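Dear colleague,

I am passing on the structure we spoke of, and I would be glad if you could look through it with the notes below at hand.

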Amino acid sequence: ALFGTANHILFLAELTQRQLIGVVQVAHGGEAWALDHHPRLALCATASSARDIRFWNLGDMKPAVGKVVRTDAPAYSLAFDTEGRLLACGLGDGVLGVSSFLCFS
């Protein structure tokens, strides 16, 4: 069975064995406004009006589950630097945040 939640997450489950097979999709709760591809990794980031930044594993073609950065205001733009070491995010309250970006597994 495929189950969907109010915040746009899809789970695949085997009902007869009562087993969660996996997370099929994780999405923003609001509108997605920004996307940037990491310059060196098979990874992209998206930002949304729901005050979050999510990461997507392009090699496996699935979301990086549990890898979410919460922001203080809606996020409308983002960009990695040319080396992929920094991630900048433009927020709806006029703040530009720049954070170091560390690879995760």
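What follows covers the core, the aromatic pairs and the cysteines.

Please bear in mind throughout that this is a predicted model. The largest nonpolar core has 15 residues, and those with the most contacts inside it are Ile53, Phe55, Leu78 and Phe80. Two or more residues are given to this core by each of strand S5 (43-48), strand S6 (52-57), strand S8 (75-80) and strand S9 (86-91).

Phe55, Phe80 and Phe101 form one aromatic cluster.

The count of aromatic pairs comes to three. In one of them, the rings of Trp33 and Tyr76 have their centres 5.1 Å apart and their planes at 90 degrees, so the pair is edge-to-face. Because Trp33 lies in strand S4 (residues 32-37) and Tyr76 in strand S8, this pair ties together parts that are 43 residues apart in sequence. Tyr76 counts as partly exposed, at 37% relative accessibility. Phe55 and Phe101 form a tilted pair, with 5.7 Å from centre to centre and 40 degrees between the planes; it links strand S6 with the segment after strand S10 (96-100), 46 residues apart. Both Phe55 and Phe101 are buried.

As for the cysteines, a search of the whole structure finds zero disulfides. Cys44 counts as buried at 8% relative accessibility, and Cys89 is buried too, with a relative accessible area of 6%.

With best regards

Technical notes. Residues are numbered from 1 along each chain as its sequence is written. This is a predicted model: local features need pLDDT of at least 70, side-chain atom pairs count only at pLDDT 80 or more; totals for chains, interfaces and linings use all residues. Side-chain values use heavy atoms; hydrogens and water are left out. A disulfide is a pair of cysteine sulfur atoms within 2.5 Å. Buried means under 20% relative accessible area, exposed over 50%, partly exposed in between (1.4 Å probe, protein chains only). A nonpolar core is a set of buried Ala, Val, Leu, Ile, Met, Phe, Trp, Tyr and Cys residues joined through side-chain atoms within 4.5 Å. Helices (H or I, at least four residues) and strands (E, at least two) are DSSP runs, numbered from the N terminus. Rings of Phe, Tyr and Trp (its six-membered ring) pair if their centres lie within 6.5 Å; planes under 30 degrees apart count as stacked, over 60 as edge-to-face and the rest as tilted.
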